[in-house]
Amino acid sequence: MDEIKLAADKETVAFDIEGTLTEGMAWEGVRDYLVESGDEDKYKAFQSRMTPRYLLFRLNLGNKQAFKNDWIAGILALLAGRDLVELQALGQRIVSDVLWPKRRVDVLEELVGHQAAGRQIVLVSGQFQPFLDAFVEKVGAAAGMGTPGAWQDGRFSGKLDAPFTIGQRKADLLQEVLGNQQLYAAYGDTGPDAPMLSMSERPTAVYPDSQLLRTAREQGWRIMGS
């Protein structure tokens, strides 16, 4: 992730992406790309390896977040060898074909409203950085904090260069960039988004899962779309 510098004279609003700004999932776009680019067998082999854990996930058994992390990391590993230009193009495709068609119009209206009021938007997500960058461009955000990949000789190694940008890591990265500036507002949809929401003056739980809904009610946070 490139160094991020925000305008000190503007209020900042943070948004999660998947589940918050859109109901779409980027991994589905990666799956479709792999199938179309001749790597369907690799994807099917990965899917087969993950099936037992997926069944436990669907039954709400085991560590759900660990499964999600391993699922995304495993799919991204199948993109090893692609260069940045190719992955940026894939990011644009994922946004246009998967994320944008399933956008949450009501939440995006609030994002646009913040921009109209002169506030700067930061997207903070566990999403792979080249894909996140495409969504940043789509909504005209000031910056995006995603999960960076590791690169070797100009090509994606298939591995990540840092932990997924989820949970407390979202809040920590934001705090590094904000410094002494207060976060004006924050939007998220799951329990792990609570640390980011709690550091803002105006936290909003968007279509929250049960964990975040409970926290939002306890803290008196605004709830949107529950």
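Over the ring of which residue does the charged end of K138 sit? It is W100, with the charged end of K138 4.9 Å from the ring centre. Keep in mind that this is a predicted model. There is another contact of this kind: the charged end of R104 sits over the ring of Y207, at 3.9 Å from its centre.

Now the contacts between rings. The count of aromatic pairs is 13. One of them is F15 with Y187, which is stacked, with 4.3 Å from centre to centre and 5 degrees between the planes. F15 belongs to strand β1, residues 12-15, and Y187 to strand β6, residues 183-188, so this pair ties together parts that are 172 residues apart in sequence. Both F15 and Y187 are buried.

Next, W27 and W71. Their ring centres are 5.3 Å apart and their planes stand at 85 degrees; planes over 60 degrees apart count as edge-to-face, so that is what this pair is. W27 lies in helix α1, residues 26-36, and W71 in helix α3, residues 64-77, so the pair ties together parts 44 residues apart in sequence. W71 is buried, at 10% relative accessible area, while W27 is partly exposed, at 22%. W27 and W71 also belong to one aromatic cluster, together with Y43, F46, Y54, F57 and F67.

Last, the strands. β4, residues 149-152, and β5, residues 155-160, run antiparallel and are joined by 3 bridges. Q152 has R155 in β5 as its bridge partner. The two strands form a hairpin with 2 residues between them, and D153 in the turn has a positive phi of about 55 degrees.

Technical notes. Residues numbered from 1 in each chain as written. Predicted model: local features only at pLDDT ≥ 70, side-chain atom pairs only at ≥ 80, totals over all residues. Heavy atoms only, no water. Pairing = 2+ DSSP bridges. Helix = DSSP H or I, 4+ residues; strand = E, 2+ residues; numbered from the N terminus. Phe/Tyr/Trp six-rings, centres within 6.5 Å; stacked < 30°, edge-to-face > 60°. Buried < 20%, exposed > 50% of the residue type's maximum accessible area, 1.4 Å probe, protein only. Lys NZ or Arg CZ within 6 Å of the ring centre and 35° of its normal.
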